[in-house]
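Please keep the sequence and the 3D view at hand.

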Number of protein chains: 2
Amino acid sequence: MLKLDARTKLLNAAIEVVRAQGYAATSVDELCRKAGVTKGAFFHHFETKDALAVAAANYWSETTGALFAQAPYHTPADPLDRVLAYIDFRKDLLQGTPAEFSCFVGTTVQEAFGSSDEIRAACKASIFGHAETLVADISEAIRRYKVKGTWTAQSLALHTQAVLQGAFIIAKASGSATTAADSVNHLRRYIELLFNRKPTKRKTK
Amino acid sequence: MLKLDARTKLLNAAIEVVRAQGYAATSVDELCRKAGVTKGAFFHHFETKDALAVAAANYWSETTGALFAQAPYHTPADPLDRVLAYIDFRKDLLQGTPAEFSCFVGTTVQEAFGSSDEIRAACKASIFGHAETLVADISEAIRRYKVKGTWTAQSLALHTQAVLQGAFIIAKASGSATTAADSVNHLRRYIELLFNRKPTKRKTK
């Protein structure tokens, strides 16, 4: 089994605990306990809790980035199919409790946007950077389907992230992943309508 | 000038401070300072900080409920026009900084959903209760425009709240209300497409 170093253990602990209870409620002591490392080890790797948060946001970008890069939604030949497959993939990730499927950077920036510009910027880079990975497919779909409108591929890509972030909040409020999935269904339907694609039931796996 | 009682001052302070920095980061001491009341007064009115949060979520429902009830989006004769006017009204509220236009209950439930079921339930009641105020107009629009689909008026109403909650997070991350407004524009366009209404530029005021 892979043995993780103290730094990686702390980053994983931060993501797990912050998803469950938020950033400010999470103490350095609790993170050390969760990670099974000493406080000395914490401060060896991170000068402050905020420095850990910035590192965790970057780590979140890397690890989720790898997950998305390897996901099967890139395989369809049609760019619109790829965009819709991405939406379906996001819906498939809505499994378990909100602490398991919600977003570390969305939760963190919700609280820390005003108190730490470094945290805000790292969370922005994560959310906007992920949105950017959708722009090429959306742009190609706009050309392929000759869609005209006042919106850009960038703004639609970012809108998909807004819907997901909001869906996580609704899921937290309701205690149910189903309400989040409903919003993802609305997002899928919006994209189908934008591209004049006849609404389809997604293929069952 | 209206003189607010200590309880109302504390509720207003909670909403203002939590919108700016989140729930867990906000201490009872800070709320007392902000409200200009003693700690004795705080604990006279609220047994715990969590009890204040529940009361503040209910207060948020009442005060924003009154704002929405009196808003001009109810006046159009056509139900779809009322729904679109609601969306435009929400877009108009995106003024100033995220601390000024974001949602107290969305921020609070993002953090506290797992730690306090009373807070979660009060935030759910606020978000879902507001969504419910849109259902009659959406239902009437579905009948009027003979729209068929697999979605319900309830799910579309809740989706509008998911988009808004997510738009607040994107605004916090970017430090700009414009990105939030972009998502509200996408939401408006989705509703126009669902009801086969030709996309319109909203009337300038």
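α9(B) passes α10(B) in a right-handed crossing (the near helix is turned clockwise from the far one by less than a right angle). This is a predicted model: local features need pLDDT of at least 70, side-chain atom pairs count only at pLDDT 80 or more, and totals for chains, interfaces and linings use all residues. Residues are numbered from 1 along each chain as its sequence is written, while chains are lettered from A and ligands numbered from 1 in the order in which they are written.

The helices are DSSP runs of H or I, at least four residues, numbered from the N terminus.

| Helix pair | Axes come within | Crossing angle |
|---|---|---|
| α9 (153–174) and α10 (177–194), chain B | 7 Å | roughly 155° |

That angle makes α9(B) roughly antiparallel to α10(B) (over 145 degrees). Residues of α9(B) that meet α10(B) include B:Gly166 and B:Phe168; in α10(B), B:Val184 and B:Leu187 are among the partners. Contact means C-beta atoms, placed from the backbone, within 7 Å.

Now the symmetry. Chain A can be laid on chain B with an RMSD of 0.0 Å, by a turn of 180° and a shift of 0.0 Å along the axis. The two copies are therefore related as by a two-fold rotation axis. In chain A, the C-alpha nearest the axis belongs to A:Gly166, 1.9 Å from it.

B:Ser115 sits in the loop between α7 and α8 of chain B. B:Ser115 counts as partly exposed because it has 15 C-beta neighbours inside 10 Å (buried needs 20 or more, exposed 12 or fewer). Beyond its neighbours within four places in sequence, B:Ser115 contacts A:Gln21 and A:Ala25.

Key:
Axes are lines fitted to C-alpha atoms, for helices over the stretch in contact, and angles run from 0 to 180 degrees between N-to-C directions. Helices (H or I, at least four residues) and strands (E, at least two) are DSSP runs, numbered from the N terminus. Angles under 35 degrees count as roughly parallel, over 145 as roughly antiparallel, 65 to 115 as roughly perpendicular and the rest as oblique. Two residues are in contact if their C-beta atoms, placed from the backbone, lie within 7 Å. Copies are superposed by least squares on the C-alpha atoms of residues with pLDDT of at least 70 in both.
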